[in-house]
Structures are given as C-alpha cells and as structure tokens.
Amino acid sequence: MSHLAALSKLLGSDTSLISDPDITASYSRDQAPFASAAAPFAVLLARSASEISIALKYANENSIPVVTRGAGSGLSGGANSTADSLVISLEKMNQIIEIDTANQIARVQAGVINLDLDTAAKEFGLAYLPDPASRDWSSLGGNAATNAGGMCCVKYGVTGAHVRAMQVVLASGEIIELGKATKKSVTTYDLLHLFIGSEGTLGIITELTLNLEIRPAAPSTLIATFPSVTKAAAAAAALLQYRPAMLEIVDQTTLKAVEAWHPLGFEVAGSVLIMQLDENHSLCEAALETCKQFDLIDGVYSDDPADAADLIRVRKLAYPALERMGATLLDDVALPITKIAEFVERVEKLSKEVNLTIGIFGHAGDGNMHPTIVHDHGDLAAAERAQQAFGKIVEIAQSLGGTASGEHGIGSIKPGFVTKEISKTVIDLQRAVKKVFDPNSILNPGKKIP
Ligand SMILES: Cc1cc2nc3c(=O)[nH]c(=O)nc-3n(C[C@H](O)[C@H](O)[C@H](O)COP(=O)(O)OP(=O)(O)OC[C@H]3O[C@@H](n4cnc5c(N)ncnc54)[C@H](O)[C@@H]3O)c2cc1C
C-alpha cells in the first residue's frame with residue numbers, strides 16, 4: 001500500500017489529506033525567493049492534535065520527512081517541502097480556545113492568526129503584543145516556532161517572552177504539555193523555550209498559552225532626520241533611555257527609493273529614526289534634545305494618534321519601495337546596537353563591490369537589521385551576485401559580534417552560516433538535542449542546524 005493510502009486509512013475518510021499536485025504545489029514553499037522546494041506527496045490540513053499524532057507516528061515508523069506549515073509567511077525556506085515529504089498544515093486549527101481576563105492569558109490553537117488574537121483581546125482592554133509585520137497573516141504557532149519579533153519588541157520582548165505553555169506532538173506521535181499557565185514557573189529544565197524558535201525541527205506545536213497585557217496607551221511618535229547613518233545609529237543607542245515601544249532606522253538608499261515613489265520630504269536626509277513612546281509621552285521633547293547631540297537635521301513629534309500613521313509611513317514604505325525597483329533578497333541579521341553604524345558602512349561598501357542596490361532598514365532598538373538587495377528581474381548574473389551578497393552580509397554581521405538571524409530564522413537558507421558563530425561542542429550538543437526529540441530525523445530535516 002502507498003504511504004498516501006496507508007495514511008488515508010489511518011486518518012479516516014473525512015480527513016483533509018490532499019494529494020492533488022496542483023494543490024500540494026501551493027504548499028511547497030514560503031516567501032523566501034531562492035530556497036529550494038518541491039511539492040510534497042501529500043498535505044494534511046490537520047484539525048486536531050490527535051490527527052497530527054496519528055500522522056507523525058506513521059511518518060516516524062516509515063521514515064517519512066514531515067514539514068510543518070503555519071501560514072507560509074516565513075522568509076527562510078523553513079516551511080519549504082521536499083518531493084517525498086508530508087506537509088502538515090495548521091491552518092484549520094484556528095480556534096481561540098479561551099481568553100482568561102483575570103489571569104491575563106489566552107489559550108489558542110497554533111493556527112490562529114496573530115492579529116486575530118490581538119483583535120479578540122482588544123475587546124477586553126488587553127493586547128497580544130508581539131507584532132511581526134506579517135501579523136495579519138502569520139500564525140501564532142509559526143511565530144512561536146520562529147520566535148518572531150516586530151517593532152514593539154524593543155520594549156516588550158519577542159514572541160518567546162509571551163509564551164507560558166504549549167502542547168506539542170512529538171515525532172513519535174506522543175502528545176505532551178510544556179510550561180505552565182502560571183506567570184512564573186521554574187520547575188525542571190525549560191523545554192518550553194527549547195521549542196521557541198525550533199522551526200519545526202523538534203515537534204509540532206498544536207496549542208499555546210500566551211500572555212495578554214493591559215493594552216498600552218496610544219503612542220506618541222517622533223521622527224528625526226540625521227546627516228548620516230552613523231549619527232542616526234549613535235542617536236538610537238542614546239534614545240533607549242526613554243524606553244521606546246518602537247525605534248526604527250531607515251538608511252539613505254532606502255529613503256531615496258521611498259522618495260522616488262512617494263515624496264515625503266526626506267531628500268536631504270542621510271538617515272531617519274522613528275520612535276514611539278507609549279508612556280511618559282512628555283519625554284519626546286527631551287528625546288529631541290538628545291538627538292541634537294548627534295547633528296539632528298530636523299525632528300517632529302506628535303501625541304495625536306491620527307499623526308502616527310503619517311510619521312511612520314516612511315518605515316512602512318521601506319520594503320515595498322525597494323521591491324518596486326526589482327527582485328529583492330531581504331536579509332535579517334542582529335548586531336550589538338553599538339555596531340549598527342559600522343555594519344551599514346560595510347554593507348554600503350559591499351553594495352558598490354557587487355554593483356547592486358542594497359537598502360538597509362530595521363529595528364534599530366534591537367540591532368536587528370534588514371539589508372535588502374535589489375537586482376533586475378530576469379538578470380541571472382545579478383541574481384547570482386545578490387545571493388553571494390546575501391551571505392556576505394551575514395558574515396559582516398557575524399564579524400561584528402552579531403548573529404545570522406534576528407527573527408526570520410535559519411530555515412534552509414542559513415544553516416551553512418551557523419558554524420561560523422557557534423563552537424563545534426555547542427553544535428554537537430544541538431545535534432544531540434535534536435536526536436532526543438527526533439531520533440529518525442523526520443522533522444524538517446536539513447533545517448535550522450547544520
Ligand atoms: C511581509 C512580511 C513581513 C514579515 N515581518 C516579520 C517581522 O516583522 N518579524 C518576524 O519575526 N518575521 C517576519 N516575517 C517572517 C514570518 O512572517 C515569520 O517568520 C512568522 O513567524 C512565520 O509564521 P508562519 O505561520 O507563516 O510560519 P511558516 O512560514 O509556515 O513556518 C515558519 C517555520 O515555523 C515552522 N512551524 C510553523 N508552524 C509550526 C508549528 N505549529 N509547530 C512547529 N513548527 C511550526 C515551520 O516548519 C517553519 O520552519 C515577515 C514575513 C513577511 C512575508
């Protein structure tokens with residue numbers, strides 16, 4: 001009997017097990033443009049942990065690779081499948097099980113979309129804070145599996161800081177619970193956080209218990225222009241004293257791309273910082289004074305929520321403006337905040353060497369930069385140079401004490417860089433951990449660790 005027939009029999013006739021190649025092909029890749037992918041032999045649109053348990057048990061016994069898929073918004077090829085694999089999609093497991101206002105937690109199935117939870121929490125004056133730019137379509141399970149960040153994470157922390165407990169289906173098919181719904185818990189080793197950022201390589205997250213917070217007040221927004229990215233980056237480090245709930249940077253190349261599309265008046269700026277304060281709004285004036293120490297060209301702020309959208313517009317337009325110029329490769333590295341300026345200068349030099357536009361923007365407050373390489377559509381030689389530049393950017397970050405990924409994950413496109421920043425002993429420990437949870441290496445093989 002084929003694997004498809006056997007799985008179908010085990011799961012029952014009303015299960016959504018898809019083998020139509022036109023449909024399975026649409027589950028074969030995420031949003032990373034150059035990661036390899038091939039249609040899986042089947043896609044299971046799982047409806048429960050028990051269905052996943054049955055499928056994993058069979059896959060484990062038959063050494064079938066399994067690729068877990070949230071919403072497929074990933075940018076590292078993490079959810080990309082191979083020809084002989086089974087994709088397990090969590091998209092149908094999208095129930096908010098409970099919002100417990102007294103304990104300020106939510107219990108959700110892993111396929112719930114991030115923004116849907118925040119919208120539901122809003123009715124109770126609460127918020128689910130981690131805010132990846134993809135929050136209107138990425139899943140909470142995918143966010144946990146990549147430890148997703150976002151703009152407000154400079155103040156509130158990334159996804160992992162908001163997860164209290166989870167249900168996981170192991171490769172063996174066994175269903176386990178990790179963590180506690182309590183706010184504090186230090187009993188035994190912290191296996192919960194081993195699964196945060198594990199990118200589908202240790203087990204499948206089926207349920208999450210997440211922190212909800214009292215909804216922050218509408219923020220004041222400040223935008224400041226500087227003559228150079230060096231000055232803006234130095235100012236960013238100084239602005240952390242005001243506990244910003246957002247601190248973003250945009251470089252001159254990206255500003256020029258935005259200006260060419262939507263003129264916003266940044267022609268003379270070498271770089272822009274955008275900051276939000278959701279408490280101590282009165283500190284905006286002091287923050288502007290701080291900016292003056294770094295050759296501020298111009299700065300404005302407003303506590304009117306209606307102005308906020310206008311003031312952060314340049315940051316929102318950063319990536320789409322570069323996308324308009326050609327095919328893009330969006331990189332993701334994290335650095336000590338004090339190294340941002342040097343990083344940007346070295347990437348600008350690289351841009352000249354490879355003769356390609358590289359715009360840089362990102363979460364200055366976290367040192368999490370997104371250099372975006374642009375090349376002409378259909379220019380294969382330029383695409384090749386772009387891929388090389390993508391790797392060189394990672395190496396520049398690593399040489400400055402940074403890391404290969406701040407939030408998008410390692411997936412299938414960056415395992416080769418891991419050994420450049422992690423010792424062999426630690427890699428061996430990581431491989432040993434993987435073996436404990438997934439002895440037959442069926443879960444997202446080849447991803448996350450080399
Ligand atoms: C326009 C755009 C903007 C983005 N902005 C941000 C941003 O600001 N911050 C950020 O961090 N990321 C961002 N991303 C990347 C992406 O949205 C995140 O990585 C997100 O967390 C992925 O969620 P997903 O549900 O789409 O997961 P997928 O892409 O489906 O999967 C991502 C990884 O998680 C694994 N996985 C998914 N679900 C589970 C599960 N239930 N159990 C175990 N493993 C699982 C997959 O196997 C894969 O390795 C952006 C992407 C796009 C396209």
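The dialogue below asks how terms apply to this predicted model.

Visitor: What are the ground rules for the predicted model and its numbering?
Guide: Residues are numbered from 1 along each chain as its sequence is written. The model is predicted, so local features need pLDDT of at least 70 and side-chain atom pairs count only at pLDDT 80 or more, while totals for chains, interfaces and linings use all residues.

Visitor: Why is Gly197 called buried?
Guide: A residue is buried if 20 or more other C-beta atoms lie within 10 Å of its own, exposed if 12 or fewer, and partly exposed in between; C-beta atoms are placed from the backbone. Gly197 has 20 other C-beta atoms within 10 Å, so Gly197 is buried.

Visitor: Where is Gly197, and which residues does Gly197 touch?
Guide: Gly197 sits in the loop between helix 7 (191-195) and strand 10 (204-211). Helices (H or I, at least four residues) and strands (E, at least two) are DSSP runs, numbered from the N terminus. Leaving out residues up to four places away in sequence, Gly197 touches Thr146, Asn147 and Gly160. Contact means C-beta atoms, placed from the backbone, within 7 Å.

Visitor: What makes a nonpolar core, and which residues touch the most other members of the largest one?
Guide: A nonpolar core is a set of buried Ala, Val, Leu, Ile, Met, Phe, Trp, Tyr and Cys residues joined through C-beta atoms within 7 Å. The largest here has 122 residues, and Leu86, Ala236, Val272 and Leu273 touch the most other members. Helix 14 (residues 380-399) gives the largest share of this core, seven residues.

Visitor: Which residues does Val272 touch?
Guide: Not counting residues up to four places away in sequence, Val272 touches Ile223, Thr225, Ala232, Val250, Leu255, Phe266 and Val314.

Visitor: How do you know that strand 1 and strand 2 pair?
Guide: Two strands pair if DSSP finds at least two bridges between them. Strand 1 and strand 2 (residues 42-45) have two bridges, in the antiparallel sense. Leu17 stands opposite Leu44 in strand 2.

Visitor: What makes strand 1 and strand 3 edge strands?
Guide: The open sheet has four strands in the order 1-2-4-3, with mixed pairing. Strand 1 (17-18) and strand 3 (66-69) each pair on one side only.

Visitor: Where do the domain bounds come from, and how far apart are domain 2 and domain 3?
Guide: Bounds come from an automatic or database domain assignment. The assignment gives domain 1 (3-89), domain 2 (96-214) and domain 3 (220-399). The C-alpha centres of domain 2 and domain 3 lie 29 Å apart. Six residues of domain 2 are in contact with 10 residues of domain 3.

Key. Two residues are in contact if their C-beta atoms, placed from the backbone, lie within 7 Å.
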